[in-house]
Amino acid sequence: WKRAGTSLAVWPAGGRLPRRVVARPGSPEPTLLFQDGEPDFGAGTIVVRDTLYLYGTRAWVNLRPEMVIGRVPLARALERAAWRFYAGHGQWSRGVGEAVVVANGAGAVHWNQYLGKYVIMNAVPFTGFLEMRTSERPEGPWSAPEIIHTMLASSGLAIHPGLAREGGRVQYLTYVRPMEFFDHEGRVVELRARKAAGAELAMLDADETESVTVGVTITREAP
């Protein structure tokens with residue numbers, strides 16, 4: 001297979017299915033905002049007030065994809081010309097080729113109300129490590145990565161802010177790991193943040209019938 005690009009779809013209120021819209025008329029793939037040769041803007045999505053931020057990945061360096069970020073007024077999200085890309089030093093550019101790397105590694109991105117920070121969590125390729133970065137702003141600068149857990153070989157890492165409890169103090173991650181004979185199982189990680197002491201992780205079985213606490217902590221950065 002060959003990647004053609006990435007885009008957004010529109011799901012009308014009350015509609016049964018989303019629909020693709022023409023975003024770049026006259027291009028090889030008119031329904032794709034970002035096409036072959038441009039970053040793959042599918043690494044993460046955040047809406048801050050009336051602005052949509054998309055995180056994308058491009059070339060791999062040292063076995064990690066380079067993460068870049070674009071933003072657009074939410075009401076104009078399907079207008080390619082309205083997009084701007086973070087070019088560093090507080091500047092946003094029309095040219096996607098001018099986007100600078102904001103982090104290495106693609107992962108789940110969200111705002112954590114309890115910590116008062118944006119958070120990226122990603123699995124380190126070929127290690128099973130789950131690492132975390134934080135930032136005051138969607139574009140960074142991001143903190144150095146902290147290893148917060150060790151998983152078996154995994155894929156499909158996702159964070160679920162809609163399931164958070166206690167104002168974001170308790171968060172849930174899911175991922176898939178391989179089993180014997182090509183079987184896979186879903187796993188759930190519960191993250192309990194502590195502002196002073198760090199964070200405590202608990203690994204739950206897929207059916208949530210057993211919880212095993214592991215002694216891994218992260219020190220929260222000072223605001």
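A search of the whole structure, which is a predicted model, finds eleven salt bridges, each being a side-chain nitrogen of Lys or Arg within 4 Å of a carboxyl oxygen of Asp or Glu. Residues are numbered from 1 along each chain as its sequence is written, and side-chain values rest on heavy atoms, with hydrogens and water left out.

Strands here are DSSP runs of E with at least two residues, numbered from the N terminus. Glu38 also meets Arg80 in a salt bridge, at 2.9 Å, N to O. Glu38 is buried, with a relative accessible area of 18%, and Arg80 is buried at 15%, whereas Arg24 is partly exposed at 22%. In these terms, buried means under 20% relative accessible area, exposed over 50%, and partly exposed in between, for a 1.4 Å probe and protein chains only.

A further salt bridge joins Arg133 and Glu131 at 3.4 Å, N to O. Both ends are buried, Arg133 with a relative accessible area of 7% and Glu131 with 2%. Elsewhere, salt bridges link Arg165, Glu166, Arg169, Glu190 and Arg192 into a network.

Strand 13 (residues 129-135) and strand 14 run antiparallel and are joined by four bridges; two strands count as paired if DSSP finds at least two bridges between them. The sheet is open, with four strands in the order 11-12-13-14 and antiparallel pairing. Strand 11 (108-112) and strand 14 (146-150) each have a single partner strand, so one side of each edge strand is left without a neighbour in the sheet.

Aromatic side chains come next. Seven aromatic pairs were found, counting rings of Phe, Tyr and Trp (its six-membered ring) whose centres lie within 6.5 Å. Ring pairs link Phe34, Phe41, Trp83 and Phe85 into a cluster. Arg71 lies over the face of Trp92, at 4.1 Å from the ring centre; the rule asks for NZ of Lys or CZ of Arg within 6 Å of the ring centre and within 35 degrees of the ring normal.

Finally, the largest nonpolar core has 15 residues, of which Ile46, Tyr55, Met67 and Ile69 touch the most other members. Such a core is a set of buried Ala, Val, Leu, Ile, Met, Phe, Trp, Tyr and Cys residues joined through side-chain atoms within 4.5 Å. Strand 5, strand 6 (51-61), strand 7 and strand 12 (117-123) each supply at least two residues of this core, and strand 5 gives the largest share, three residues. A second, separate core of 14 residues includes Leu54, Val68, Ala77 and Ala82.

Notes. This is a predicted model: local features need pLDDT of at least 70, side-chain atom pairs count only at pLDDT 80 or more; totals for chains, interfaces and linings use all residues. Rings of Phe, Tyr and Trp (its six-membered ring) pair if their centres lie within 6.5 Å; planes under 30 degrees apart count as stacked, over 60 as edge-to-face and the rest as tilted.
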